[in-house]
Each structure stands twice: as C-alpha cells, then as structure tokens.
Amino acid sequence: MAKTSYKIENGEFYINGRLTYSEIPHGNPQVRGLLFNARFINGVFDDINPDHAGKYDRFGRKFDRDRNTEDLIKALPAWYEAGLRAITVGLQAGGPIYTYEDWGGICTNAFSTDGRSLNKDTWDRLVRILKAADELGMLVIVSFFYQAQIQYLENDGSILEASKTACQALRELEYDNVIIEIANEYNILDAHVKDTALIKGKNMAAWIRKVREWTDGRFAVGSSAGGIYADKEVILASDISLVHGNTARRQELHDFVRRIRSWKPEQPVVVNEDSPLFTHLEVAVEDHFSWGYYNNMTKQEPPCDWGITRGEDEYFAQRLSGLIGISRPDMENEVYLQGFEPEMTIAGGRYVRAACRRPELIDRVRFYEDDTLLDVAYAEPFMLYSEATWIQEPYFPSRGAAAFRAEVVMLDGQVEILRQNLKDL
C-alpha cells in the first residue's frame, strides 16, 4: 500500500496531511510549505544507440542501467535527511551536456514511435524510484518529454498519444507521490523537430488540460520552459508553476518569480532546474518558493554518482539543512578544489571549480597551471572557463605541467590556496 500523498492548498505543499518541514522540531517556519528538490533527470537513463556502446563506461565504473537506478534509490535516504522532498526524473532522460554538443544522437527509447506503448524496462525502473520515494515520504516530478528525444515519435499526434499512454500507466499505479512535468523546456522542443506546434504557449496550455483530464486530476500538472522564461497562459493552465532558473543570478531569479507569481498568486512556484548556485536557496526562502539543485556533472553524466559527493553536493546539503533547521555534523573544510577526483574526466577533460560552503564571502578565484594564469572566476559557482551558471569548458592539463592551484580571494582580503599535483593524475 502506498504511503505518501500530497496536496496543494493556498500555494503550500502538504505531504501526508502535514505542511512540509513542519515535522522538524524547532525548524525554520519560513520554509514550511516549500518543496526543495534536485534534478536527477537521468534516473532511468539508457541509450540504445549502438554507436554509443561503451560510451558511458567511465568514472571508474561500467554503466549498467539497472545499477544506475538502484544507486539513485540507495542515495535517496541521505538526501531526504538533508532536506530534499522531491526529485525530477525524466522518462526520456536528459542530455549529458559535457559528453555531446548535440543530444540528438541519443536514443532512450521510452515510447514506441506511435506513442501507444511504453518501454517496459524504462517504466519498471521509474516505478522502482516511485516506490522508494513513496517509502521515504518524497515526491517525484515525472518529466515525460525531452527535446532531443521527441524526434523518435512520428509526429505531434504521436507525442500527445505518448503523454496519454504515460498518464494511463501512472493511473494504474497505487502511488500518489507524482507531479507531472509534461515537457522539460517545452519552448525548445523544436530543436530537433522543427515543425512541431507544441512549443506554442496556447498549445501547451491545452495539453496541460488534457493531461489533467487523462489523470482524473489525481496529480498536479505543469510544464517548464527553458531559461528564465514562462508563458502566462501556461502558468494559468497549470496546477504548479514549474520553472527553470538557469543562467539567472539572485536578482534575476527574484524578478522572474515575482512576475510569474503575479499571474497566479495562489499557485506554488517550483524551480526544478537551476545550477549548483546554491545561494539561490536564500532567495527561495526569502521569497517563499521551492528551489531545485542541479549538479550537471555528477548527477547528469552517466553513470551518475547519486550520493552527496564531496564538494558542491555536501556544501549544498549543509546549506539546505541549515536553512530548514536540520542538524548536520560540522564540516572541516570550507573550500574544495572540485574536478580532480580520480577518473572524473570526459574525453580527457576536467571540469574544475572552487566549491565553497559560503561562496558569498569570495571576491574572486584565480586559476593557475604552474605559474601561468589560466582564468579568473568572479562569481559563484567559481568555475574555471565558465560559460554560464550551469556549464563550463573543460580543462586539459598541459603536457609536462606539474601543479594546478586556485587562489581563493576572500572579500576580507584573505587568500586560501587550493593545490593539485598534476603528476598524481
């Protein structure tokens, strides 16, 4: 029998009849009713493109689709204890952004081409995640469609049929801990299907109403758009304002949420994709909306490491717990040079960041290879070769280079040096 259900009242989330986080003794009353979450989009990932065979045997592990799902399930209790109450998982998964420039070659095979059937193995893995989350008291934001994958459906009619198929499959389950995200960033679904009409706001609004009908109103329904963008008609048609905060800084995120909230004030706002820029948590608490953590290296590059890994993940978990009022052991290190973990390379490149528990205290970070200045990062998440808050260029150590260092310059003028011996790699 299912253990977890939820409801939304006056823009607040209740899980099993209780306002979220109200169960925590001496917790922060400002966070009650919110739904802090993380993007675990590749929880059921499987790429059947034969040209990609062996592509995901890396990071010291061999990729196995079932183990990938089981590892996520094993990691959920630790994330729950840190304060997460929801995760986003995609039926069509999501793009490993550091592996491919174009995700169109990936084929996750979630639906038949006519949309009338679901891949049994994919569905079974999702059900295992729903069951595990249900046992813990967590919700799962189930994302039906991903832009690079809708090309494998015959046409817009088949896409709509596939969403109906997914709705019917969800209805047959006993689990009520589901929020439906029809499409991940519906406004860019035409990236690989140029003639789709589903990117139009009025069509997505109509689609949301159909999905609500197909599920008998059992689950909250929404659909996210890419970047800090939203269509008013989509927000008005939704049960939940699902939005993404990629590239936004704190003021931009605040302004964005204020604008969409003005369209439908009684509706909860849930950011279910952003970046590892976790000072956004403070904005979320101040403005009372739900925020989602997105580590696109360990949590979107298969085989994923779903645990609370050293550096960014543990600093986020510490920050989240502190804001909620959950006690966690003190941490020894305030800063960490991320990206030099054993075997954490993609095509020989490393994704280097200066992770910090309190990034707002940093003025800048200078990155050096031996005595050569490579780059300066002026803003969280303090990436080497940053392109945006959620993506960066890889670093390839030069032949013969001996040492890498990051000079973390604090606002008070103090400097902390982080070092890596390149000969140990």
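A nonpolar core is a set of buried Ala, Val, Leu, Ile, Met, Phe, Trp, Tyr and Cys residues joined through side-chain atoms within 4.5 Å. Buried denotes a relative accessible area under 20%, exposed over 50% and partly exposed in between, with a 1.4 Å probe and protein chains only. The model is predicted, so local features need pLDDT of at least 70 and side-chain atom pairs count only at pLDDT 80 or more, whereas totals for chains, interfaces and linings use all residues. Residues are numbered from 1 along each chain as its sequence is written, and side-chain values use heavy atoms, with hydrogens and water left out.

**Nonpolar cores**

- The largest nonpolar core has 102 residues, and F36, F145, I182 and W291 have the most contacts inside it.
- Helix α2 supplies the largest share of this core, seven residues; helices (H or I, at least four residues) and strands (E, at least two) are DSSP runs, numbered from the N terminus.
- I182 is in contact (heavy atoms within 4.5 Å) with F144, F145, M204, W207, I208, V211, V221, G222 and S223, residues up to four places away in sequence being left out.
- A second, separate core has 20 residues, among them L337, F367, A377 and Y395.

**Aromatic pairs and charges over rings**

- Rings of Phe, Tyr and Trp (its six-membered ring) pair if their centres lie within 6.5 Å; planes under 30 degrees apart count as stacked, over 60 as edge-to-face and the rest as tilted.
- The count by this rule is 19 aromatic pairs.
- One of these is the tilted pair of F145 and W207, with 5.7 Å centre to centre and 35 degrees between the planes.
- Because F145 lies in strand β6 (residues 139-146) and W207 in helix α4 (residues 201-214), the pair ties together parts that are 62 residues apart in sequence.
- Both partners are buried: F145 has 1% relative accessibility, and W207 has a relative accessible area of 2%.
- F40, W79, W291, Y293, W306 and F316 are linked into a cluster by ring pairs.
- A charge sits over a ring if NZ of Lys or CZ of Arg is within 6 Å of the ring centre and within 35 degrees of the ring normal.
- The charged end of R39 sits over the ring of Y294, 5.2 Å from its centre, and that of R85 sits over the ring of Y80, 3.7 Å from its centre.

**The sheet of β1, β2 and β3**

- Three strands form an open antiparallel sheet in the order β1-β2-β3; two strands pair if DSSP finds at least two bridges between them.
- β1 (6-9) and β3 (18-19) stand at the edges, each with a single partner strand, so one side of each has no neighbour in the sheet.
- Four bridges join β1 to strand β2 (residues 12-15) in the antiparallel sense, and K7 stands opposite Y14 in β2.

**Strand β14 and its partners**

- Strand β14 (residues 362-369) pairs with strand β18 (residues 403-410) in the antiparallel sense over seven bridges.
- β14 also pairs with strand β15 (residues 372-377), again in the antiparallel sense, over five bridges, and E369 has T372 in β15 as its bridge partner.
- β14 and β15 form a hairpin with two residues between them, and D370 in the turn has a positive phi of about 50 degrees.
- E407 lies in β18, stands opposite R366 and, at 15% relative accessibility, counts as buried.
- The side chain of E407 makes a polar contact with the side chain of R405 (3.4 Å); a polar contact is a pair of N or O atoms within 3.5 Å, where within protein one must be able to donate a hydrogen and the other to accept it, and residues adjacent in sequence count only if both atoms are side-chain atoms.
- Leaving aside neighbours within four places in sequence, E407 is in contact with R364, V365, R366, Y368, V415, E416 and I417.

**Two further buried residues**

- I106 is found in the loop between β5 (86-90) and α2 (120-136) and counts as buried at 3% relative accessibility.
- Not counting residues up to four places away in sequence, I106 touches F45, D47, H52, Y56, P96, Y100, Q149 and Y152.
- The C-alpha atoms of I106 and N119 are separated by 16 Å, and the two residues are 13 residues apart along the chain.
- Q318 belongs to helix α8 (residues 312-324) and is buried at 11% relative accessibility.
- Beyond its neighbours within four places in sequence, Q318 is in contact with R328, P329, D330, M331 and R357.
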